[in-house]
Amino acid sequence: MEIKFVKSRPKAEVLIRFVKETEKGIKGRTMKVPVRAGVPKGIALRWAAANAYKNVKAIGIRSIYVKKPPHMEPFKWYLQMYEGFRLAAYRYDRLRSQTQEDDLVVYWQGEKNDLVKKADILVEATYFTRDIVNTPANLATPEYLKNLAEDLAKKNGYDIRIFNRKELEKMGMNAFLAVAQGSEKEPYLVHLIYRPMDRKPRRRIVLVGKALTFDSGGLSLKSSQGMMTMKMDKAGAAAVLGVFQALKSLNVDYEVHGIFAATENMPDAKAVHPGDVVKSYSGKYIEILNTDAEGRLTLADALAYAAEQKPDYLIDLATLTGSAIVALGEFTAALFATDTSLGQAIVKAGNIAGERFWQMPLDDPFIKDKMKSTVADLKNISGDNWGGSIFAAQFLREFLPEKIRWVHLDIAGPAFNNKDWAYNPAGGSGFGVRTLLHLLMRTRRKR
Ligand code: BES
Ligand code: ZN
Ligand code: ZN
């Protein structure tokens with residue numbers, strides 16, 4: 001697909017008109033595409049753009065002209081339309097021997113303005129994340145993620161710190177290492193740092209992403225069905241990398257840290273046994289009763305390390321629990337916050353980005369009691385099927401200082417689509433990238 005900006009009406013095969021929900025169809029050279037009513041802010045227009053893209057592709061049209069309705073505010077229009085088309089047109093075809101060119105030309109009324117340039121950066125960052133999530137585990141190894149981070153650092157002048165298995169042992173990251181010990185592949189803790197150029201940063205934000213390049217469940221093995229999509233268990237880290245892909249070009253005002261603990265979760269002679277106890281980086285002892293609840297173990301250490309960076313705001317993204325999908329469905333992320341205003345800011349940024357979040361409780365005393373272990377400080381599963389995403393969130397909190405502005409995002413649902421949905425083709429969605437970037441682009445409050 002190619003997008004061309006034009007001042008006067010071009011010779012396109014059809015003109016796209018966005019209309020109310022009830023009207024639709026193609027008449028002469030005009031195709032009416034409905035914008036769904038009653039759909040959350042930020043989603044409807046992107047969705048309509050994606051439908052326009054799919055409709056014309058389905059009937060083999062090669063050129064269209066998109067006209068802005070006079071009543072539309074330019075900010076909404078450019079950002080959402082441009083993103084809708086581009087996000088829908090994404091394809092992962094690096095692993096096909098034969099690829100087909102997308103030869104659609106979209107003529108756009110107007111000029112390529114700053115909003116479009118911004119939208120372009122957001123789309124490219126989302127593509128970057130989708131590519132990582134879609135890359136299978138035989139290619140996207142922990143080392144591969146580490147290399148991507150190194151490339152970003154080199155290209156953009158970010159600082160980077162990397163710790164391998166030996167160094168992690170010295171540091172005492174035993175919860176992370178317990179997950180990694182069943183894998184032949186070298187685990188890495190990766191820490192990227194962006195600082196704005198030539199000026200004092202506005203606050204420090206630390207982002208942490210779950211980075212399981214494959215989750216087999218370990219000795220608490222998953223079913224064949226349950227394992228099929230588990231290359232996506234690195235989507236949190238992939239979103240963090242997507243953010244870093246864009247930080248420099250967006251010239252963000254904040255100091256941003258990106259941290260992930262990359263490994264696979266595999267069954268092996270050396271793998272951690274259910275019942276094993278490890279001393280985490282924070283000093284707390286964890287009884288690992290289920291090796292498939294591994295994300296919270298890698299995050300326990302990654303978050304404790306992240307807290308040492310003294311963040312003003314700490315945000316983690318993790319494909320952490322199936323339970324979050326049961327609670328909220330496949331398209332909405334579960335949001336847990338120790339700080340209401342940070343939580344609200346993320347919900348708002350999500351509305352602009354076209355990504356949904358829903359706040360869940362982080363202070364359930366009954367669920368907290370289920371964390372008690374008979375032999376250690378805490379155990380990694382509750383032992384029943386209820387409130388699993390809340391249990392996991394409260395488990396993570398145990399590894400953070402009491403007073404910290406922290407938001408945990410359980411993105412198990414929206415990070416990966418089994419089939420096409422609106423502007424998300426099947427596969428990795430890049431969820432979280434645009435929301436975080438909108439959060440980081442917030443303009444300074446005037447006093
Ligand atoms: N990576 C999974 C969570 C997941 C499941 C993500 C489905 C996306 C789709 C996580 O490591 C896991 O296995 N969680 C278990 C926890 C349980 C053993 C307490 C789960 O949710 O079933
Ligand atoms: Zn698991
Ligand atoms: Zn997992």
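Trainee: What covers the buried residues of helix 11?

Mentor: In this predicted model, the cover includes strand 13 (313-318), strand 14 (332-337), strand 15 (356-359), strand 17 (406-410) and helix 14 (433-440). The buried residues in question are L342, G343, I346, A349, G350, I352 and A353.

Trainee: How do you know that the end-to-end span of helix 11 agrees with its number of residues?

Mentor: Helix 11 runs over residues 340-353, which makes 14 residues. At 1.5 Å a residue they should span 20 Å, and the end C-alpha atoms are 20 Å apart, so the two agree. Just after helix 11 comes G354, with a positive phi of about 80°.

Trainee: What makes K310 stand out in its phi?

Mentor: K310 has a positive phi, about 55°, although it is not a glycine. You'll find K310 in the loop between helix 9 (295-307) and strand 13.

Trainee: Is K310 buried or exposed, and how do you know?

Mentor: Count the C-beta atoms: K310 has 11 others within 10 Å. The cut-off for exposed is 12 or fewer, so K310 is exposed.

Trainee: And A422, buried or exposed?

Mentor: A422 has 23 C-beta neighbours inside 10 Å. Buried takes 20 or more, so A422 counts as buried. A422 also has a positive phi, about 45°, without being a glycine, and lies in the loop between strand 18 (416-417) and strand 19 (427-428).

Trainee: How do you know that the span of helix 4 fits?

Mentor: Helix 4 covers residues 142-156, 15 residues, and at 1.5 Å a residue should span 21 Å; its end C-alpha atoms are 21 Å apart, so that agrees.

Trainee: Why is helix 1 called mostly covered?

Mentor: Of its 15 residues, 11 are buried. Among them are R46, W47, N51, Y53 and V56. What covers them includes strand 2 (14-19), strand 4, strand 5 (63-66) and helix 2. Just after helix 1, G60 takes a positive phi of about 75°.

Trainee: What makes R29 exposed?

Mentor: R29 has 11 other C-beta atoms within 10 Å, and 12 or fewer is the cut-off for exposed, so R29 is exposed. R29 is found in the loop between strand 3 (25-27) and strand 4 (30-34). Leaving aside its neighbours within four places in sequence, R29 is in contact with V14 and L15.

Trainee: Which residues have the most contacts inside the largest nonpolar core?

Mentor: F176, L241, V243, F260, A302 and L335, in a core of 144 residues. Helix 8 gives the most to this core, with 10 residues. Setting aside neighbours within four places in sequence, A302 is in contact with F176, L189, V208, I259, F260 and A261.

Trainee: Into which domains is the chain divided?

Mentor: Domain 1 (2-112) and domain 2 (120-440). Their centres, taken over C-alpha atoms, are separated by 34 Å. The contact takes 15 residues from domain 1 and 17 residues from domain 2.

Trainee: Which helix gives the most to the side of domain 1 that touches domain 2?

Mentor: Helix 2, with 5 residues. The residues on that side of domain 1 divide into 8 nonpolar, 2 polar and 5 charged.

Notes: Residues numbered from 1 in each chain as written. Chains lettered and ligands numbered in written order. Predicted model: local features only at pLDDT ≥ 70, side-chain atom pairs only at ≥ 80, totals over all residues. Helix = DSSP H or I, 4+ residues; strand = E, 2+ residues; numbered from the N terminus. Expected span 1.5 Å × (residues − 1). Core = buried A, V, L, I, M, F, W, Y, C linked by C-beta atoms within 7 Å. Contact = placed C-beta atoms within 7 Å. Domains from an automatic or database assignment. Nonpolar A, V, L, I, M, F, W, Y, C, P; charged D, E, K, R; others polar.
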